[in-house]
Amino acid sequence: MTANQLPVEPHHDEPDPTIDRAVTEVDLRGRALGRLKKKADFRVHLLIYVLVNGMLVLIWAMTGAGFFWPVFPIAGWGIGVVANAVDAYVVHAPTEEQIETEMERLRRR
């Protein structure tokens with residue numbers, strides 16, 4: 001936007017171009033519920049990860065605190081926790097365009 005341009009306010013009688021009108025409310029609700037479930041599942045996964053690995057560190061500390069062997073389950077399981085976080089918070093459902101493109105690709109097989 002240049003100095004000469006003023007921000008344009010959307011008119012109340014014009015549809016918002018940022019809203020996908022092709023998606024029905026039922027479909028949108030289903031997608032929202034799916035995303036919320038993934039986020040809740042991730043939080044449970046993270047809590048279990050912290051509790052179990054905290055217990056492993058406690059066992060390590062109580063048994064002499066030699067070589068820090070809990071690093072192996074912490075790192076290994078941590079990869080899964082990061083993947084779960086990406087799935088819950090970063091990856092979005094495919095768009096209709098992506099679905100159509102994939103369907104067309106499958107038809108050509």
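**Figure 1. E102 and R105 share helix α3 in this predicted model.** Helix α3 covers residues 96-107. E102 and R105 sit three residues apart there, about one turn of the helix. The two side chains form a salt bridge. Their closest N and O atoms are 2.5 Å apart. How accessible is E102? E102 has a relative accessible area of 35%, so it counts as partly exposed. R105 is partly exposed as well, with a value of 33%. Side chains of opposite charge can pair when their charged atoms come close.

**Figure 2. The chain is built from helices.** There are three helices and zero strands. Along the sequence, the pattern reads α-α-α. Of the 109 residues, 8% count as buried. The chain exposes about 9,200 Å². Carbon and sulfur atoms supply 67% of that area.

**Figure 3. D41 pairs with K37 inside helix α1.** Both residues lie in helix α1. They are four residues apart, about one turn of the helix. D41 is partly exposed, with a relative accessible area of 40%.

**Figure 4. K38 and D87 meet in a salt bridge.** The N to O distance is 3.1 Å. Which parts of the chain does this pair tie together? K38 lies in helix α1 and D87 lies in helix α2, so the pair ties together parts that are 49 residues apart in sequence. K38 is partly exposed, at 34% relative accessibility. D87 is also partly exposed, with a relative accessible area of 30%.

**Figure 5. W69 belongs to a nonpolar surface patch.** Where is W69 in the chain? W69 is in the loop between α1 (25-62) and α2 (71-89). W69 is partly exposed, with a relative accessible area of 33%. A patch residue needs over 30% relative accessible area, so W69 passes that cut-off. I59, F67, F68, V71 and F72 make the patch together with W69. The patch has an area of about 580 Å².

Definitions and conventions: Residues numbered from 1 in each chain as written. Predicted model: local features only at pLDDT ≥ 70, side-chain atom pairs only at ≥ 80, totals over all residues. Heavy atoms only, no water. Helix = DSSP H or I, 4+ residues; strand = E, 2+ residues; numbered from the N terminus. Buried < 20%, exposed > 50% of the residue type's maximum accessible area, 1.4 Å probe, protein only. Areas by Shrake-Rupley, 256 points an atom, 1.4 Å probe, with all protein chains shown as cover. Patch = residues over 30% accessible without salt bridge, like charges linked within 9 Å, V, L, I, M, F, W, Y side chains within 5 Å. Salt bridge = Lys/Arg side-chain N within 4 Å of Asp/Glu carboxyl O.
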